[in-house]
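Take a walk through the model shown below. Keep the backbone in view and follow the paragraphs in order.

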Amino acid sequence: MYDADIIIVGNGEELLRKKNGYKIDMFGKVVRLGRYVTEGFEEYSGKKTDIISTIYWKLDEERLRKHKVILNVPLSYQHNFLESEDYISREYSDYRENILYLNKLEDKENIKQMYLDIMPAFDGIDVVNFSLGFKTFYFIQKLFPNQKIYATGFDFFKTGWYWDPTHNRNDSNMHPYLYERLWYMKMKAKGVINEL
Amino acid sequence: MLSKIIQAINGKIKFCLRNDRTFFVSDCSINDNIITFTDDVDYIEYKEDLNNIDLITFANKTIPTQIDLDNIKSFFEVNAEDHRKNNITFDELLQKCNEYKKIFNKQSISKIKEAVLYNNTLEIDMLAKLGSKDVISLENCSSGEASLITTLYVKLIDEKLNKALIELNQCISDMDDKEFEQEAIIIKKDLIDNVNDFKRSINNIELKDLFNNWPTLLNPSPFNIHV
């Protein structure tokens, strides 16, 4: 039923509201984020993983060996890591073919534009750091422009991680969750993102 | 020796002095090992004992040795580039102090000079964003000062919350979509609940960690610590 489609599985506790694990596993491509956990949550999260979108320091070799990866190097570090063939060659040379995409400096502007395409600017938009989940929508649209995108488990940090509810509770950071959530709602309303 | 050095460099190489306080020195004279000068930041005239003071400069080859003192003209000629860099750095630090002076009250000038001299301005930058008129050490403050900081923090949170709610309302109005409006109302409630929970728990946060904490849904925080 979903074998031609992509689903991005967020890490919010929202995921635990529906026992959609079996449906998630039916998707052609299942994208998970960061240090996602499926063990013990299979009823809700499913087991299948095709692509991991992650900040580079949350990636372990075992996962890289088994899955395709979208690797995010924070833009503030990119002067050190370049864009960043050198970095990949050094750190992940054995698994180079599994790195599906490495974020580029130009993505920063494009990610902001993805927001502005359907939302008005907000104060500080030029200095915020959009969250990994939000960026992943951009990467997936860029890599698979013709595939239907589904999402589940996204609550934009209304809660913590579904396996660790204490994560990111009231940490001061530069992620504009409120605006990302509005964007997500609007994308749903437009039918661009389909929520499972 | 310090007396000789200062007399030699005075007017050519800009410098600070440091004992239990910090001074950006100008117009100095020395008599019986007592230095009299005006501080460039607070414009107060000070008299300090050179026996208990450190000389601080900002580039190499700015403190002449005895051999340099014997041929001071050559010292200035040979090391002119270093001295130029030194004076630029001094002026930059002075400018920073003057910028902070506009934000904070007179009682804070001493702490500002200290923070700027040692490039330790993170905390006073936070306090400036908070709207504090006092430079307060978060690790070493009175209960009254702690209370003031917490009050200002809550005030800032409320300001940011109100702004976010106005933006949300504008967004709802622009969208003109009932389903979107219903979800946006939930977002507003989540945001308000998060802020209220945070405010209720704020007294449990150690003051030195305060700027690391911010209501999740109200991010991005004005205190850009974890990018």
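Strand E3 (residues 34-39) of chain B runs antiparallel to E4(B), and five bridges join the two. Helices (H or I, at least four residues) and strands (E, at least two) are DSSP runs, numbered from the N terminus. Two strands pair if DSSP finds at least two bridges between them. Within this pairing, Phe37(B) stands opposite Tyr46(B) in E4(B). Strands of a sheet pair through backbone hydrogen bonds, either parallel or antiparallel.

This is a predicted model, in which local features need pLDDT of at least 70 and side-chain atom pairs count only at pLDDT 80 or more, while totals for chains, interfaces and linings use all residues. Residues are numbered from 1 along each chain as its sequence is written, and chains are lettered from A and ligands numbered from 1 in the order in which they are written.

Now the whole sheet. Five strands of chain B form an open sheet in the order E4-E3-E2-E1-E5, with antiparallel pairing. Its edges are strand E4 (45-49) and strand E5 (54-56) of chain B, each of which pairs on one side only. From one strand to the next, the twist averages 50°. Helix H5 (residues 109-117) of chain B packs on the sheet and touches strand E1 (16-18), E2 and E5 of chain B. Contact here means C-beta atoms, placed from the backbone, within 7 Å. The direction of H5(B) makes about 100° with that of E2(B). Axes are lines fitted to C-alpha atoms, for helices over the stretch in contact, and angles run from 0 to 180 degrees between N-to-C directions.

Next, the backbone exceptions. Most residues other than glycine have a negative phi, and most peptide bonds are trans. Asp27(B) is not a glycine, yet its phi is positive, about 50°. Asp27(B) sits in strand E2 (residues 22-31) of chain B. Is Asp27(B) buried or exposed? Asp27(B) counts as exposed because it has 12 C-beta neighbours inside 10 Å. The cut-offs are 20 or more other C-beta atoms within 10 Å for buried, 12 or fewer for exposed, and partly exposed in between, with C-beta atoms placed from the backbone.

Phe156(A) also has a positive phi of about 50° without being a glycine. Phe156(A) lies in the loop between strand E6 (149-152) and helix H8 (177-190) of chain A. Phe156(A) has 26 C-beta neighbours inside 10 Å, so it counts as buried.

A cis peptide bond joins Asn219(B) and Pro220(B), with omega about 10°. Pro220(B) is in the segment after helix H8 (178-201) of chain B.

Key
Contact = placed C-beta atoms within 7 Å.
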